[in-house]
Amino acid sequence: MALAFTSSPAIHASLSSSSSSCEQPKVSQLGTFQPLDRPQLLSTALNSRRHSAVKPLNAEPKRNDSIVPSAATIVAPEVTEKVEAEDFENLAKELQNASPLEIMDKALEIFGDDIAIAFSGAEDVALIEYAHLTGRPFRVFSLDTGRLNPETYQLFDAVEKHYGIRIEYMFPDAVEVQALVRTKGLFSFYEDGHQECCRVRKVRPLRRALKGLRAWITGQRKDQSPGTRSEIPVVQVDPSFEGLDGGAGSLVKWNPVANMDGKDIWNFLRTMNVPVNALHSQGYVSIGCEPCTRPVLPGQHEREGRWWWEDAKAKECGLHKGNIKDESVNGAAQTNGTATVTDIFDTKDIVTLSKPGVENLLKLEDRREPWLVVLYAPWCQFCQAMEGSYVDLAEKLAGSGVKVGKFRADGEQKAFAQQELQLGSFPTILFFPKHSSKPIKYPSEKRDVDALLAFVNALR
């Protein structure tokens, strides 16, 4: 995600006043939309607990070099008290059923020029459209990691022209990038995880950017990622980063579209006829850096296109690391690192394998019959999604001479599965041939019955 800050011009009443790029694709126009009068916003005790003085934005610069100064001279409130967490817990409850437009308006009303929209170059362009519709001035920032797709850069340009804004980009430290690449190569994240690269190219630039703000606006939604975003509120004190005043509680995070579904976002984008990333028409849903993003197949979760070689439950780059909880996965309590949730693939045609059973399979060079085994975690949304097809496959293979099994490979078994069973992410499917000790890993993301059956038939 590229981070940049911008100030918007005064918003015209007519939506037709915005220009668009002819080279940049737009979603098709489904109808007309008339901007509503600014909604009557819910009252909150917050306003009575902080005082503000109206000053020109650039009259008394406080930001350090981490933020490009705004060129605007529009007056906006300057917050002079540190945020208190309980204020925003109450406000989140108050706005729980509010529309994204109302939430965006409240965010811009409270923080003025001290808040900015984080724009990644994907469907979060909806945030900019909502800010535009409030009629208030707004700022946009983006993180240019140096490894984005060309289509993402083209969208940045189209958005700037469409809304008449300037995105303020944040870049990684050149010395840090140089040291990482010289030491570990260009694609080290495929071998030892994406966190180190993301920390250099995204998290640290974001940290510098947020040190110049008191609040930021993200496009997080509850339906985006299994295990990490299902409980995000519409507004919260940021659990991971610090703002302008420094220290815990100095930065507020707004998630106006938290309660929206992906299909609702796209209905909105089509209706408003805004620029979108050309990659969306090629099967990409969640879009990040080029080496770590790929299209998803029909029926796959959108986050399966990001860091697909890693554990599905923790697909965060570090920008929203506060979403990841050590003590639970999807709200389930854990015992010894294993989620105590209802098991899956529970049928008489699928054999439950223990670690000794799998170790025995690995040792045998001449098996009585071949085995198909899924390495899974019951809390994993992707494993749950393929349960039906795997159960159907087991029924089809019953009596065929091929054994079908399952091995729960999370928690204490994860390290063993990664070292001995080629586990990259859940689910991983292995075929143990009859006359070979080495299992063969199913290479495709297609997990329907026909695709799995073709894999088995080709090897048995």
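Colleague: Which residue does V374 stand opposite in β14?

Modeller: In this predicted model, V374 stands opposite K406 of β14.

Colleague: And how do β13 and β14 run, and how many bridges join them?

Modeller: Strand β13, residues 371-376, and strand β14, residues 403-408, run parallel, and they are joined by 6 bridges.

Colleague: What sheet is that part of, and in which order do the strands come?

Modeller: The sheet is an open one of 5 strands with mixed pairing, and its order reads β12-β14-β13-β15-β16.

Colleague: Which strands stand at the edges?

Modeller: The edges are β12 (351-352) and β16 (440-441), and because each has a single partner strand, one side of each is left without a neighbour in the sheet. Helix α13 packs on this sheet, where α13 touches β13, β15 (428-432) and β16, and the direction of α13 makes about 25° with that of β15.

Colleague: Switching to the helices, how do α11 and α13 cross?

Modeller: The axes of α11 (residues 387-397) and α13 (residues 449-459) come within 9 Å and cross at roughly 45°, which means that α11 is oblique to α13.

Colleague: Is that crossing left-handed or right-handed?

Modeller: The crossing of α11 and α13 is right-handed.

Colleague: Which residues make the contact?

Modeller: From α11 the contact takes S389, Y390, D392, L393, K396 and L397, while α13 brings V449, L452, L453 and V456.

Colleague: How many of those are nonpolar, polar or charged?

Modeller: Within the contact of α11 with α13, 7 residues are nonpolar, 1 is polar and 2 are charged.

Conventions. Residues are numbered from 1 along each chain as its sequence is written. This is a predicted model: local features need pLDDT of at least 70, side-chain atom pairs count only at pLDDT 80 or more; totals for chains, interfaces and linings use all residues. Side-chain values use heavy atoms; hydrogens and water are left out. Axes are lines fitted to C-alpha atoms, for helices over the stretch in contact, and angles run from 0 to 180 degrees between N-to-C directions. Helices (H or I, at least four residues) and strands (E, at least two) are DSSP runs, numbered from the N terminus. Angles under 35 degrees count as roughly parallel, over 145 as roughly antiparallel, 65 to 115 as roughly perpendicular and the rest as oblique. A crossing is left-handed if the near helix is turned anticlockwise from the far one by less than a right angle, and right-handed if clockwise. Contact means heavy atoms within 4.5 Å. Ala, Val, Leu, Ile, Met, Phe, Trp, Tyr, Cys and Pro count as nonpolar, Asp, Glu, Lys and Arg as charged, and the others, Gly among them, as polar. Two strands pair if DSSP finds at least two bridges between them.
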